[in-house]
Amino acid sequence: MINKKLQDALNDQLNAELYSSYLYLSMSANFQAANLAGFASWMRIQAQEEIVHAMKFYDYIGERGGKVTLGAVDGPPTEWKTPLAAFEQAYAHEQMVTGRINDLVNLAIDERDHATNGFLQWFVTEQVEEEATADAVVQKLKLIGGDGGGLFMIDQEMGSRVFTPPAGSE
Ligand SMILES: [Fe+2]
Ligand SMILES: [Fe+2]
């Protein structure tokens, strides 16, 4: 059985993953309104992936005999001036999430909860991918600068992403 301290911290992270989903869905809507269908589709898939992350916490808390409690999810920003501004925020957000996951691992170790530490290692690895992916898009957008043709090409490329449930999820 999971202790109260960890249960609360995991519930908090569940909420943070739902916020991530909300943030990326808001970015998707913003891209849609700017006629960047590829970016919109990419962010919509990212929002779906964050729901999968949230559900991993949901299932794990239950599995360990804890109780899931859902709190309010903050409203995300709704406006980004450029795709670069959105992806810079996404990158900064993922770095913040990595910090949260690391804090959770530290807490699991302090509480001598090896199962939770093991569970969290999936997220440690996932965050490496999340940061690298967001940063790669930031770098591409910086490279093209204000070039409309380049943006059109990246939009096409972003549109080819398909949703695949993250490895290790059922
Ligand atoms: Fe996540
Ligand atoms: Fe991912």
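H2 passes H3 in a left-handed crossing. Left-handed here means that the near helix is turned anticlockwise from the far one by less than a right angle. The contact involves Phe 39, Trp 42, Met 43, Glu 50 and Phe 57 of H2. From H3 come Pro 83, Phe 87, Ala 90, Glu 94, Ile 101 and Leu 104. Contact means heavy atoms within 4.5 Å.

A word on the source. This is a predicted model, where local features need pLDDT of at least 70 and side-chain atom pairs count only at pLDDT 80 or more. Residues are numbered from 1 along each chain as its sequence is written, and side-chain values use heavy atoms, without hydrogens and water.

Back to the helices. H2 covers residues 37-63 and H3 covers residues 83-110. Their axes, lines fitted to C-alpha atoms over the stretch in contact, come within 13 Å and cross at roughly 10 degrees. H2 and H3 are therefore roughly parallel (angles under 35 degrees).

Now the metal. Which residues are the protein donors of the iron ion (ligand 2)? They are Glu 49, Glu 126, Glu 129 and Glu 130, each through OE, lying 1.9 to 2.8 Å from the ion. Donors are N, O and S atoms within 2.8 Å of the metal (3.2 Å for Na, K and Ca). Along the chain, the donors follow the spacing E-x76-E-x2-E-E.

Look at helix H4, residues 114-144. Glu 126 and Glu 129 are 3 residues apart there, so about one helical turn separates them. Buried or partly exposed? Glu 126 is buried, at 6% relative accessible area (buried is under 20%, exposed over 50%, partly exposed in between, with a 1.4 Å probe and protein chains only). Glu 129 is partly exposed, at 40%.

How values were computed: Chains are lettered from A and ligands numbered from 1 in the order in which they are written. Helices (H or I, at least four residues) and strands (E, at least two) are DSSP runs, numbered from the N terminus. Axes are lines fitted to C-alpha atoms, for helices over the stretch in contact, and angles run from 0 to 180 degrees between N-to-C directions. Angles under 35 degrees count as roughly parallel, over 145 as roughly antiparallel, 65 to 115 as roughly perpendicular and the rest as oblique.
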